[in-house]
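Reader: Can you walk me through this one? Keep it quick, please.
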Amino acid sequence: MAPGPEAHRLTVVILQYRKNRLNHRLVFGTARFIVRRGWRRRLAAFAPDATFGYERWQAGDHGTRDWRLFVCRTSSQGSLTKIPGVLPGAVLLLEARGKTKVKRAFAAFDALRREGESLEDLAPHRWRALHNALQTRPSTLNDGSDPSWPRV
């Protein structure tokens, strides 16, 4: 499939996998198209104003070295945040770093899905509220069902 005239406005996400070493994957979101670049690497292209979740996990010699989760919204104009693996960048709606916060974010995603919410269609202000809750609430709150969490 040859890219059309709007290809210069697409946002590209690099997806990679190496067993027990590296996993950069989409958590949710529908790409316009995906290009395979070998056995371990793919490129996913998103149209402007699409929302997607992107997980980056990397292992070291003694376990997890880096684990990050991003919820991004693509944009063809305005200021963009540079995010590793996202070209040219995107509007950052939620970021979680480290095992505890990423697991809490996944629990919140599951709670939203149980309520019938589509993660791709969630409004940006609701993602920012969830981001703030993940950053400020104590780590003892480990799932999205706690009543003190914001109703995002």
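Author: One term to start with: buried means under 20% relative accessible area, exposed over 50%, and partly exposed in between, with a 1.4 Å probe and protein chains only. Helices (H or I, at least four residues) and strands (E, at least two) are DSSP runs, numbered from the N terminus.

Reader: What kind of model is it, and which cut-offs apply?
Author: This is a predicted model: local features need pLDDT of at least 70, side-chain atom pairs count only at pLDDT 80 or more, and totals for chains, interfaces and linings use all residues. Residues are numbered from 1 along each chain as its sequence is written, and side-chain values use heavy atoms, with hydrogens and water left out.

Reader: How many helices and strands does the chain have?
Author: The chain has 2 helices and 8 strands. From the N terminus the order is β-β-β-β-β-β-β-β-α-α. Of its 152 residues, 39% count as buried.

Reader: Start with α1. Which residues are buried there?
Author: Val102, Arg104, Ala105, Phe106, Ala107, Ala108, Phe109, Ala111 and Leu112 are buried in α1.

Reader: What covers them?
Author: The cover includes β2 (22-28), β5 (51-60), β6 (63-73), β8 (86-97) and α2 (124-136). Contact here means heavy atoms within 4.5 Å.

Reader: And just after α1, which residue takes a positive phi?
Author: Gly116, with a phi of about 90 degrees.

Reader: On to α2. Which residues are buried?
Author: In α2 the buried residues are Trp127, Leu130, Ala133 and Leu134. Seen down the axis of α2, they fall within an arc of 120 degrees, so they line one face of the helix. That arc is taken from the directions from the helix axis to the C-beta atoms.

Reader: Why would spaced-out residues point the same way?
Author: An α-helix has 3.6 residues a turn, so residues three or four places apart point the same way.

Reader: What's on the other side of α2?
Author: His125 and Thr136 are exposed there.

Reader: New topic. How many aromatic pairs are there?
Author: The whole structure holds 6 aromatic pairs. Rings of Phe, Tyr and Trp (its six-membered ring) pair if their centres lie within 6.5 Å; planes under 30 degrees apart count as stacked, over 60 as edge-to-face and the rest as tilted. Among them, Phe28 and Phe109 are edge-to-face, at 5.8 Å centre to centre and 85 degrees between the planes.

Reader: Which parts does that pair tie together?
Author: Phe28 lies in strand β2 and Phe109 in helix α1, so the pair ties together parts 81 residues apart in sequence. Both Phe28 and Phe109 are buried. Ring pairs also link Phe28, Phe106, Phe109 and Trp127 into a cluster.
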